[in-house]
Amino acid sequence: MNNIIVSPSILSADFANLQSEVEILEKNGADWIHVDVMDGHFVPNLTIGAPVVKAIKPHANIPLDVHLMIENPQNYIEDFVKAGSDIITVHYEATGEFTEDIISNIKSHNVLVGLAIKPKTMPQDILKYLLMVDMVLVMTVEPGFGGQSFIEECAEKIPVIRQNAPENLIVQVDGGINEQTAKICKSLGVNSLVAGSYIYNSTDMKEAIKALKS
Ligand code: DX5
Ligand code: ZN
């Protein structure tokens, strides 16, 4: 077994039964649980916030991978830390000139920090932060909704990040990931995969997670 981190997105889960959804993911081999936080401003959709992270935390024995698709993420870091996030990922497009400060703030709470880029953002824009973060998230769809198709050109950013990164940087992709697109991303240097629809639409979740890892 290789060391691919599979982080199923609970955006595709049954929100009325999140406790069992988290337990089922864990039982079926998920490494992390990906939580998509959307504010209706940074992205057009509105989903869940820190109270939901707090509610699922006691039921999760695996790390909560919290993807903040929100404006002014600096105002919410403490809430998400207190709620039990293990990895907090912010978008470069939302942090701009304050990126370094926000990364330091997240790190000061002893959680892992990720920096995400949307499809139109160039990887060169974030190379100077690679030594400061634990993870880079390359979005392979426009953030906002599950169930979209993988944008192939986004995958070209992966080697650029990988070539400029320290060896232990986690490179994650999110959006339109299935067995085929996962293969492309892994061959280019990704070691963490977020997947929503592919996992939840599969007839056998355990096999789907295993297929992403192999
Ligand atoms: C999109 C979210 C994703 C989404 C992935 O903005 O960040 O995590 O849930 O869903 P799929 O795997 O269906 O593309
Ligand atoms: Zn996500």
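Which arrangement do the six donor atoms around the zinc ion (ligand 2) make? The views below, taken from a predicted model, start there.

**View 1. The zinc ion (ligand 2) and its donor atoms.** Here you can see the metal held by His-34 (NE2), Asp-36 (OD), His-67 (ND1) and Asp-174 (OD), at 2.0 to 2.3 Å. The arrangement is octahedral because the six donor atoms subtend angles of 69 to 167°. For comparison, ideal angles for six octahedral donors are 90 or 180 degrees.

**View 2. Where the zinc donors sit along the chain.** Reading along the sequence, their spacing is H-x1-D-x30-H-x106-D. Distant parts of the chain are linked by one pair, 107 residues apart: His-67 belongs to strand β3 (residues 64-69) and Asp-174 to strand β7 (residues 170-174). His-67 is buried, at 1% relative accessible area, and Asp-174 also counts as buried, at 8%.

**View 3. Ile-177 in the largest nonpolar core.** This core has 61 residues, and those touching the most other members are Ile-10, Val-35, Leu-68, Ile-177 and Ile-199. Beyond its neighbours within four places in sequence, Ile-177 has contacts that include Thr-140, Phe-150, Cys-185, Leu-193, Tyr-198 and Leu-212.

View 4. Just past α1 comes Gly-29, with a positive phi of about 100°.

How values were computed
Residues numbered from 1 in each chain as written. Chains lettered and ligands numbered in written order. Predicted model: local features only at pLDDT ≥ 70, side-chain atom pairs only at ≥ 80, totals over all residues. Heavy atoms only, no water. Core = buried A, V, L, I, M, F, W, Y, C linked by side-chain atoms within 4.5 Å. Buried < 20%, exposed > 50% of the residue type's maximum accessible area, 1.4 Å probe, protein only. Contact = heavy atoms within 4.5 Å. Donors = N, O, S within 2.8 Å, 3.2 Å for Na, K, Ca; no water. Tetrahedral: all angles 85-135°; square planar, octahedral: opposite > 155°, others 65-115°. Helix = DSSP H or I, 4+ residues; strand = E, 2+ residues; numbered from the N terminus.
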